[in-house]
Amino acid sequence: MHDNVEKTANITAQALIASTGHLKGSDELTALTLSYDWSSTSVGDRTGWSQSLTTVLDTMLASRFPMCIGWGDDVTLFYNDAYIPFLGQKHPAALGKPMASIWSDVWADIQPFIVQAMSGETVAFDDLPLTMERYGHAEETWWTFCYSPLRDDGGSIAGFLNVASETTSKQHLRALNATLEQRVVERSEALLLYQDVFQSDPNPACAFDINHAIVAFNQAFSDEFFRVYGHRAQPGETFPALFLPDQGEIIAGYLDRALAGEAFTITERFGHPDFASPMWEIFYNPLRAGNGEIIGAVQHGVDITEQVNAEEQLASAQEALRQAQKMEAVGQLTGGLAHDFNNLLTGMMGNLELLQARIARGRLDDIDRFINAAQGAGRRAASLTQRLLAFSRRQTLDPKPTDVNRLITGMEDMLRRTVGGASHIEIVGAGGLWTANIDAGQLENALLNLCINARDAMPDGGRITIETANKWLDDRTGKERDLSPGQYLSICVTDTGSGMSAETIARAFEPFYTTKPIGQGTGLGLSMIYGFARQSGGQVRIYSEIGEGTTVCVYLPRHLGDAEETEADETALTVAGATGQTILVVDDEATIRHLIDEVLDEAGYTVIGAADGAAGIKVLQSGARIELLITDVGLPNGMNGRQVADAARILRPGLKVLFITGYAENAAVGNGHLEAGMELLTKPFSMEALAAKVGEMMEGNCR
């Protein structure tokens, strides 16, 4: 009769599995899970379950190691077949019920661990005593478990996985050990008594004398040793000698540690090399006589192969979920990037096409309008690229010791004009504010973006406060802000606007994520600020509540030194090339080489071009006179721009070098610390800016 019921359950489970295409676990709990009316629970109908819940259920149901899942606000219980003995008479009614009702007798003990797991912590405990009722009466039990938080498809914590094992028998063995050590006085009596004690333990256990000889063991030990090594262990045999030589040395070392008085646990694989080796958790304890003398050692093993396999399967499933979430983020990024760049390219190509048509027809009136429109689209594309580089912390920075209070004061008029008269700006600069070693231009961009965001959050006007402060972060506050302990400056922009929800804050730094209407925001402002702060060694944090306004704080590390004095250059640079001055240009992009050649040729310089570092070095090895080297940082064929510059200065000490880059190879150019006579120009740059920089360097006005 029982066989027929079991066969029917198997057929039912297989039919359900075939009809759903997922939850391919073991039979009984898979069938129950698939047939259960989940629509009456907080997790909702099974057809609407998230991929993350389905993935972890697959792993749990397929495992032979005891596991359960708590999911959702009321911690709905899922479990597998191996977990059923833990529930006793509570199964099968426990499935789909809140854990607080199922484990009401121990809820006060386990609830703190569940709260920790649901807040993102992994909680593990060895041999936790719990008094529980499983079969109509109270039992003293012991448990080893690990609660791991689980995330939903959006990355938020939605539940936890509990991998558990009952260690009650191990505790009973320890209690028996203690009792025996109190009762036994003579060595021989203690060793003989252990033979009876071990027979009650379902896990392999044995005892040894001070010479490593076997003196007592149980049936589980005898059977397991025979299964793995094909030998029936006998009393009196030297235990380490029964293993392969390398394994025997390890076992002897463990026994010596126990005989020296140490109680310890090891986790290791032992077995014959021709067969799959199980993973064992083995406990070693010294065996003492009544007078305290160590007369031997005790070994007690638990096969945890299933647990290890389950953990590996879970880790693999979690990694697959992380990869899926990462690909979703990449899809959002590339989709937003393609949208914005296609718009800009359409503007550039369309205006150039119209310009070409006008020139072909001889209509030269109003052509500046098309040129300006194409250049404007190009500048916006350059700005988009810089923002993406800032988000990924790959932009080229030019950090200098900066007085942040002075920088903000210098921007005040521009900020007031930008936010308009409806919003009032108040600047609260801290006295004695420390210096920051930053790219001042990038900080100005960050403050401008924050003030624009604050303005947009207050459509009817309001107050914007920009406040600076010195901050000492200890270990705790540094950990809260994801920063190393130390001294930092904070620049906080606060508005009295509509505020942000927790969900919006969680996604605020994602590129192309915006809550503004279409056409009113790119979603790159905060991501650029975040990237700039992280690349500068700092952090950004958002503090906000709906209807209560928003504060965005940028934390930047303190610079031990004074700020650089800057003098405004009120006269425009004029570029006048000197006859005979020669410039070597190394860039793998032919179009850029030709542009630079045209501009510098018109300025009166002689230009020599090279497509890679090796060709540039050959020019320098010749007798040609070179006054300036212009080199791209990212070059093909194994030699980057910094390596070209270093080689050039060996051949020609003191040669002036202008690096040009469209990418953030900061390490290649010295992480913002260039040598004397070296300068940096970031692509895309205007031809006017290039000519001005070259003229400045040729006149000797470089660092």
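This report walks through selected features of the structure above, from its disulfide to its charged surface.

The model is predicted.

## The disulfide

Start with the cysteines. A search of the whole structure turns up one disulfide. The partners are Cys492 and Cys553, with a distance of 2.0 Å from S to S. The link of Cys492 and Cys553 is right-handed, with 110 degrees about the S-S bond. Cys492 belongs to strand E15, which covers residues 486–495, and Cys553 to strand E17, residues 550–559, so the pair ties together parts that are 61 residues apart in sequence.

Are these cysteines buried or exposed? Cys492 has 13% relative accessibility and counts as buried. Cys553 has 5% and counts as buried. Buried here means under 20% relative accessible area, so a value of 13% for Cys492 falls within that class.

Cys68 is buried, at a relative accessible area of 0%. Cys146 is partly exposed, at 23%.

Most peptide bonds are trans, and most residues other than glycine have a negative phi. Some spots in this model depart from that pattern.

One is a cis peptide bond, which runs from His91 to Pro92 with omega near 5 degrees. Pro92 sits in the loop between helix H4 (84–87) and helix H5 (99–102).

Asp127 shows a positive phi, near 55 degrees, and is not a glycine. Asp127 is part of strand E3, residues 123–133. The residue Asp127 is buried, with a relative accessible area of 16%.

Asp482 also has a positive phi, about 60 degrees, although Asp482 is not a glycine. Where is Asp482 placed? The answer is the loop between helix H15 (475–480) and E15. Asp482 is partly exposed, with a relative accessible area of 45%.

## Salt bridges

How many salt bridges does the count come to? The count is 17 salt bridges. The table gives some of the pairs.

| Acidic residue | Basic residue | N to O distance |
| Asp223 | Arg232 | 2.9 Å |
| Glu412 | Arg416 | 2.3 Å |
| Glu480 | Arg481 | 3.9 Å |

Take the Asp223 pair. Asp223 is partly exposed at 35% relative accessibility. Arg232 is partly exposed at 35% as well.

Next comes the Glu412 pair. Glu412 and Arg416 are both in helix H13, residues 404–419. Why are Glu412 and Arg416 separated by about one helical turn? They are four residues apart in the helix, which gives that spacing. Glu412 is partly exposed at 23% relative accessibility. Arg416 is partly exposed too, with a relative accessible area of 31%.

The Glu480 pair has a salt bridge at 3.9 Å, N to O. A salt bridge needs a nitrogen and an oxygen within 4 Å, so Glu480 and Arg481 qualify at 3.9 Å. Glu480 is partly exposed, at 47% relative accessibility.

Salt bridges can also join into a network. Which residues are linked in a network of salt bridges? They are Arg642, Asp646, Arg649 and Glu675.

## A patch of negative charge

Other acidic residues gather on the surface. Asp597, Glu598, Asp601 and Glu602 form a patch of negative charge there. Glu598 is in helix H18, which covers residues 590–602. Is Glu598 buried or exposed? Glu598 is exposed, with a relative accessible area of 51%.

## A pair apart in sequence

Asp74 and Gly159 are 85 residues apart in sequence. In space, Asp74 and Gly159 are 9.7 Å apart, C-alpha to C-alpha. Asp74 is placed in the loop between strand E1 (67–71) and strand E2 (76–79). The residue Asp74 is partly exposed, with a relative accessible area of 31%.

How values were computed: Residues are numbered from 1 along each chain as its sequence is written. This is a predicted model: local features need pLDDT of at least 70, side-chain atom pairs count only at pLDDT 80 or more; totals for chains, interfaces and linings use all residues. Side-chain values use heavy atoms; hydrogens and water are left out. Patches are made of residues with over 30% relative accessible area and no salt bridge: like charges are joined within 9 Å, nonpolar side chains (Val, Leu, Ile, Met, Phe, Trp, Tyr) within 5 Å. Accessible areas come from the Shrake-Rupley method with a 1.4 Å probe; for residues, only the protein chains shown count as cover. A salt bridge is a side-chain nitrogen of Lys or Arg within 4 Å of a carboxyl oxygen of Asp or Glu. Lys and Arg count as positive and Asp and Glu as negative; His and the chain ends are not counted. The place of a charge is taken as NZ of Lys, CZ of Arg, CG of Asp or CD of Glu. Helices (H or I, at least four residues) and strands (E, at least two) are DSSP runs, numbered from the N terminus. Buried means under 20% relative accessible area, exposed over 50%, partly exposed in between (1.4 Å probe, protein chains only). A disulfide is a pair of cysteine sulfur atoms within 2.5 Å.
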